[in-house]
Amino acid sequence: MFFTVYSFPRGQLFLVRSEKGLAWAQYLKTPDSILQASQYFKDNSILLDHLDDKFTEEKRLFDRFFAGQKEDFLSLKLDYIIGTPYQQRVWDEARRIVYGETVSYKGLAERLHHTGYRSIGQALGKNPLIIIVPCHRIIGSDGSLTGFGAGMDLKEYLLKLENKDFPLLSLRAPAGSEATS
């Protein structure tokens with residue numbers, strides 16, 4: 001497997017891919033986070049080679065996205081190396097959320113003909129592909145912003161990047177009010 005670090009205006013992403021496709025895109029909260037980000041691979045005896053040339057398409061798509069151009073990443077081949085079949089089903093459905101739009105946990109559950117929106121949040125909390133599986137587009141049923149593993153500031157930034165008219169800040173949900181991703 002191969003890895004690179006992609007820099008964008010609000011930080012960096014740790015990207016990992018196999019020959020099959022992109023397997024990992026994790027937000028690096030601090031410059032030292034790369035050690036934590038690579039821990040899964042070390043724990044599972046998966047060797048990672050630093051090879052920037054393997055990420056030409058991913059970088060091109062991220063460049064478009066962070067330049068504010070509509071990009072859904074659906075052209076990227078993925079290689080889910082983690083996740084249960086249920087989690088992967090949730091991730092695949094979340095990928096269908098249109099750029100610039102949001103869906104509630106409950107709405108995503110209904111799309112999957114599932115009654116438990118909390119399990120949707122739990123599945124999204126294990127999402128290994130930030131932005132590609134756009135869990136930042138999942139909001140509370142009342143329209144409020146809810147948990148996001150990479151932090152609410154990044155969630156707000158991503159939503160505002162995709163939809164300049166999206167009202168933020170005032171929409172933050174109280175802690176513990178709905179599922180987190």
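Helices (H or I, at least four residues) and strands (E, at least two) are DSSP runs, numbered from the N terminus. Alanine 123 is found in helix 6. The model is a predicted one, in which local features need pLDDT of at least 70, side-chain atom pairs count only at pLDDT 80 or more, and totals for chains, interfaces and linings use all residues. Residues are numbered from 1 along each chain as its sequence is written, and side-chain values use heavy atoms, with hydrogens and water left out.

The chain contains 7 helices and 6 strands, arranged along the sequence in the pattern β-β-β-α-α-β-α-α-β-α-α-β-α. The radius of gyration, 16 Å, is close to the 16 Å given by the globule rule for 181 residues, so the chain is as compact as a globular protein of that length. This radius is taken over C-alpha atoms, and the globule rule is 2.2 Å times the number of residues to the power 0.38. Along the principal axes, the C-alpha atoms fill a box of roughly 45 × 35 × 30 Å.

Of the 181 residues, 49% are buried, where buried means under 20% relative accessible area, exposed over 50% and partly exposed in between (1.4 Å probe, protein chains only). A nonpolar core is a set of buried Ala, Val, Leu, Ile, Met, Phe, Trp, Tyr and Cys residues joined through side-chain atoms within 4.5 Å. The largest such core has 46 residues, of which Leu13, Phe62, Phe66, Leu124, Ile130, Ile131 and Leu154 touch the most other members. Helix 7 (residues 152–162) gives the most to this core, with 6 residues. A second, separate core of 7 residues includes Phe3, Phe14, Trp24 and Phe41.

Contact means heavy atoms within 4.5 Å. With neighbours within four places in sequence left aside, phenylalanine 66 is in contact with Tyr6, Phe8, Pro9, Leu13, Ile131, Tyr157, Leu158 and Leu161. Among contacts in the chain with a separation of 6 or more, 59% are between residues 24 or more positions apart.

In helix 6 (residues 117–125), the residues Ser119, Ile120, Gly121, Ala123 and Leu124 are buried. The buried residues of this helix pack against helix 4 (85–94), helix 5 (105–111) and strand 6 (138–139). Alanine 123 has a relative accessible area of 1%. Beyond its neighbours within four places in sequence, alanine 123 is in contact with Tyr86, Gln87, Val90 and Trp91. Alanine 123 and glutamate 110, 13 residues apart in sequence, lie 15 Å apart in space, C-alpha to C-alpha.
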